[in-house]
Each structure stands twice: as structure tokens, then as C-alpha cells.
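Try each task before reading its solution.

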Amino acid sequence: MTPEAPLLASQLVVRVCLFLVAAIAMFGGTVQMVLGQPTTSPRLDNVHRFMAGVYLSMGIIGLWAGITIRQQGFLVYLIALATLLGGIGRLVSIGKVGLPEPRAVWLAYLAPELVLPFVIAAAHYSSG
């Protein structure tokens, strides 16, 4: 069996970024699936936990894409877009209802969701 060539630096950057996105989404999705939205109606809690499942599954997809980065093409751009749209959703929420407490936690979620998509897309594009 022929050993694989080492990853390009740009592929390594994409892999690390995808692993970060995956960790955030899997942790956040799991926490929200367990906690739900206890101070709301059953309808909104149901939607919240459904979206937590989508968030968790996005993390699993990001993890798989990072592991198999050599075989990935357009999927990487779709993951970057999903991450960016999630960050934009947070910005809309902050604009409409304010920044939740503790502020540092929510800003720590927001920052990579707005920055990593561009890093992922640029590095993946340069991988050719």
C-alpha cells in the first residue's frame, strides 16, 4: 500500500477549521438538545430541540469532512456557508432582542462563526 502524501498547508488549515466548527456545533447542539428552551411554550421548545439536532448533525458532517478533507470539494464551501448563516442568524437575534448573558460566551460563539467561513473558503480554494 502506498503511503499518502502529507496534507498541503491549506488542507491542514481547512481541516483544523472544520474540526473547530464541528466541536462548536456538536457541543452546542448536544447542550441545546438536552436543555431545550425551558422558559417558553411547548411549540417553541419543540422547534428549538429540532434545530439543536440539525446543529449537532452539522457538527458531525463537519467532523467527517475534516477527516476526509482530501476527498472533499464543494461540501466544504456549503459547510462554510452554513456556519456563516448561523453567525448571521445570531447577529439578527442580537439586533432584535439583545445579547444574551453571559455576553462573553455568546460572543465567543459568534466570532468563529463569522470568521472561520472565510478562512475555510479561502484555504479550500487555494488547495485547488
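**Exercise 1.** Where is the place of Gln-11? Then decide whether Gln-11 is buried or exposed.

Solution. This is a predicted model, in which local features need pLDDT of at least 70, side-chain atom pairs count only at pLDDT 80 or more, and totals for chains, interfaces and linings use all residues. Residues are numbered from 1 along each chain as its sequence is written, and side-chain values use heavy atoms, with hydrogens and water left out.
- Gln-11 sits in helix 1. Helices are DSSP runs (H or I, at least four residues), numbered from the N terminus.
- Its relative accessible area is 14%, so Gln-11 is buried. The classes are buried under 20%, exposed over 50% and partly exposed in between, with a 1.4 Å probe and protein chains only.
- Not counting residues up to four places away in sequence, Gln-11 touches Ile-69, Arg-70 and Ser-127. Contact means heavy atoms within 4.5 Å.

**Exercise 2.** Find how helix 1 and helix 2 pack.

Solution. 
- Take residues 9-35 for helix 1 and residues 42-67 for helix 2.
- Their angle is about 155°, and their axes are 7 Å apart. Axes are lines fitted to C-alpha atoms over the stretch in contact; angles run from 0 to 180 degrees between N-to-C directions.
- The two helices are therefore roughly antiparallel to each other. That label needs an angle over 145 degrees.
- Sort the residues of this contact: 18 are nonpolar, nine polar and two charged. Ala, Val, Leu, Ile, Met, Phe, Trp, Tyr, Cys and Pro count as nonpolar, Asp, Glu, Lys and Arg as charged, and the others, Gly among them, as polar.

**Exercise 3.** Which residues does Ala-52 contact, leaving aside its neighbours within four places in sequence?

Solution. 
- Start in helix 2, where Ala-52 lies.
- Ala-52 is buried, with a relative accessible area of 4%.
- Its contacts are Gly-29, Gln-32 and Met-33.
- Check Gly-28 too: its C-alpha atom is 7.6 Å from that of Ala-52, 24 residues apart along the chain.

**Exercise 4.** How many aromatic pairs does the structure hold?

Solution. 
- There are two. Rings of Phe, Tyr and Trp (its six-membered ring) pair if their centres lie within 6.5 Å.
- For Phe-74 and Tyr-77, the centres are 5.9 Å apart and the planes are at 55°, so the pair is tilted. Planes under 30 degrees apart count as stacked, over 60 as edge-to-face and the rest as tilted.
- Phe-74 is exposed at 59% relative accessible area, whereas Tyr-77 is partly exposed at 27%.

Conventions
Angles under 35 degrees count as roughly parallel, over 145 as roughly antiparallel, 65 to 115 as roughly perpendicular and the rest as oblique.
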